[in-house]
Amino acid sequence: MPRTLYARLSLALAGLLVVVGILFAALTLAATRHYLQEVNQRFNRDLAQNLVTDRNLIQKGRLDQAALEETFHYYMVINPSIEIYLLDAGGTILAYSADPGKVKRRSVSIEPIRRFLEGKPSFPLLGDDPRSHDRRKAFSVTPVPSPEAPNGYLYVILRGEQLDQVDALIQQSYFLRLSGWAVTVSLGLGLMLGLVLFRLLTRRIERLGRTMGLFRESDFTTLVQQPAGKDAGTGDEIDRLSRTFEAMAHRITDQIQALTEKDNLRRQLVAQVSHDLRTPLASLHGYLETLRMKEDGLARAQRVEYLEVALRHSLRLRRLIDDLFELAKLDARDVRPSIEPVSIGDLAQDVVQKYRLAAQRKGVGLELMGAPDLPLVKADIGLIERVLENLIDNAIEHTPAAGTISVTTRLQGQTVGVQVGDTGRGIPPEDLRQVFDCFFKARGSDGDARHAGLGLAITRRILDLHDSKVEVTSRMGVGTAVIFSLPVWYPQD
């Protein structure tokens with residue numbers, strides 16, 4: 001069995017043309033036979049009546065048997081293409097011109113004879129052939145001795161036995177010639193045209209198959225561009241298949257690339273988390289081990305100091321682990337925001353009040369600058385509170401003493417904007433796009449590498465759930481501002 005689509009289509013076309021040629025030859029032969037029977041019967045429609053008149057078969061209103069016998073003998077010798085039968089009124093054969101050993105019927109059906117004599121029959125009208133039990137042939141018939149007083153019929157078969165033999169040879173030769181020419185011409189022209197058309201059609205499928213094979217060999221990472229096809233919505237099924245495959249291949253390559261990037265980020269995250277966990281764990285372990293080994297030799301003040309340091313490292317570990325769990329839930333889309341009307345001004349005031357003491361301990365000013373009578377916004381109050389906490393906590397960490405942190409809320413058309421700004425060291429322009437990555441390390445003006453932990457990454461994930469974009473602006477030595485907005489809540493919402 002051929003393995004290519006083109007070969008299979010070619011074989012199917014060749015087989016189809018052979019069948020069509022044979023059917024065409026058979027139909028042509030049947031139509032020709034039907035046509036010859038019709039012409040012959042129409043041409044010899046009055047033959048039986050002419051025989052009665054020309055041969056003087058009726059004498060004084062009666063059938064002349066001697067003249068009939070002479071007519072039988074005459075036409076057997078002179079014109080064997082017809083056979084003459086004398087029938088009674090019921091169709092029983094009384095006499096005939098054929099060879100007695102070849103006549104197999106004793107009677108013929110009278111129904112075709114009646115239809116013939118009724119006038120305007122549909123030709124060819126076939127009647128029983130006395131020389132066969134099942135064969136039917138064209139005929140001519142007339143009532144005898146007269147149509148006015150019929151007591152029988154003169155029944156003439158228009159194609160006799162000898163002519164049947166000659167006709168069979170002619171038909172056989174004609175059928176072979178017709179079939180041979182029909183099959184040859186059909187296969188020759190049809191096959192050549194079909195192969196050309198199939199080649200044009202399968203060439204695109206073959207090219208698409210090669211492209212798919214190369215895409216698979218490249219481990220689904222490199223797509224070989226195909227020639228530009230027709231626009232979307234046009235072309236045939238092959239064009240649509242090519243466009244669908246190309247879109248699917250681009251989707252696969254994009255997903256593989258995204259997975260690769262995510263895997264790299266995951267590796268970096270694991271490495272960074274391991275580093276961030278190892279440092280407080282080592283310090284915590286060291287202080288606790290010191291307390292155990294030197295418990296009796298340490299003064300009370302030293303023991304309290306060691307315990308406070310161990311407690312700070314423990315709190316740092318707990319916060320880092322909590323952030324990791326929260327980030328994992330946000331990345332897995334396990335968190336669904338519960339949207340409700342929220343007073344963003346009151347929420348910002350509560351968060352600022354919560355962090356005011358921490359800011360004072362570091363010597364940083366923390367102030368709220370909100371526009372009066374702000375409308376309610378659509379948000380999850382718990383998640384947005386976490387956003388404000390992360391931004392303010394990050395600003396306190398990166399703002400030196402005597403600096404200032406401001407939380408500003410303002411109405412911006414159909415949204416309420418929130419900005420958390422500080423007067424810290426600033427972020428280099430080349431690092432601005434990466435500040436929301438997990439454990440991203442930015443180099444400050446003092447040259448020290450500092451990272452933002454997971455707070456900003458969690459902030460971006462939460463704002464993504466609210467369909468809100470977060471932006472960051474910064475100038476070295478001047479400060480940094482993080483800005484986001486939330487849609488206004490309307491009563492009909």
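Biologist: How many bridges join β12 to strand β16, and in which sense do they run?
Modeller: β12 and β16 (residues 479-487) are joined by 8 bridges and run antiparallel; strands count as paired if DSSP finds at least two bridges between them. Asp-422 is opposite Thr-480 of β16. Strands are DSSP runs of E with at least two residues, and helices are runs of H or I with at least four, numbered from the N terminus. This is a predicted model, in which local features need pLDDT of at least 70 and side-chain atom pairs count only at pLDDT 80 or more, while totals for chains, interfaces and linings use all residues. Residues are numbered from 1 along each chain as its sequence is written, and side-chain values use heavy atoms, with hydrogens and water left out.

Biologist: And which residue in β12 is the bridge partner of Thr-408?
Modeller: Gln-419 is that partner.

Biologist: Why is β12 largely enclosed?
Modeller: Because 6 of its 8 residues (415-422) are buried, β12 is largely enclosed by the rest of the structure. Buried means under 20% relative accessible area, exposed over 50% and partly exposed in between, with a 1.4 Å probe and protein chains only.

Biologist: Turning to the largest nonpolar core, which residues touch the most other members?
Modeller: Ile-344, Ile-392 and Phe-484 do, out of 47 residues. Such a core is a set of buried Ala, Val, Leu, Ile, Met, Phe, Trp, Tyr and Cys residues joined through side-chain atoms within 4.5 Å. The largest share, 8 residues, comes from α9.

Biologist: What is Ile-344 in contact with?
Modeller: Beyond its neighbours within four places in sequence, Ile-344 contacts (heavy atoms within 4.5 Å) Leu-374, Val-377, Ile-384, Val-416, Val-418 and Leu-486.

Biologist: Now the charges: how many salt bridges does the structure hold?
Modeller: There are 14, each a side-chain nitrogen of Lys or Arg within 4 Å of a carboxyl oxygen of Asp or Glu. One of them joins Arg-204 and Asp-239 at 3.0 Å, N to O.

Biologist: Is Asp-239 buried or exposed?
Modeller: Asp-239 counts as buried because its relative accessibility is 13%. Arg-204, at 19%, counts as buried too.
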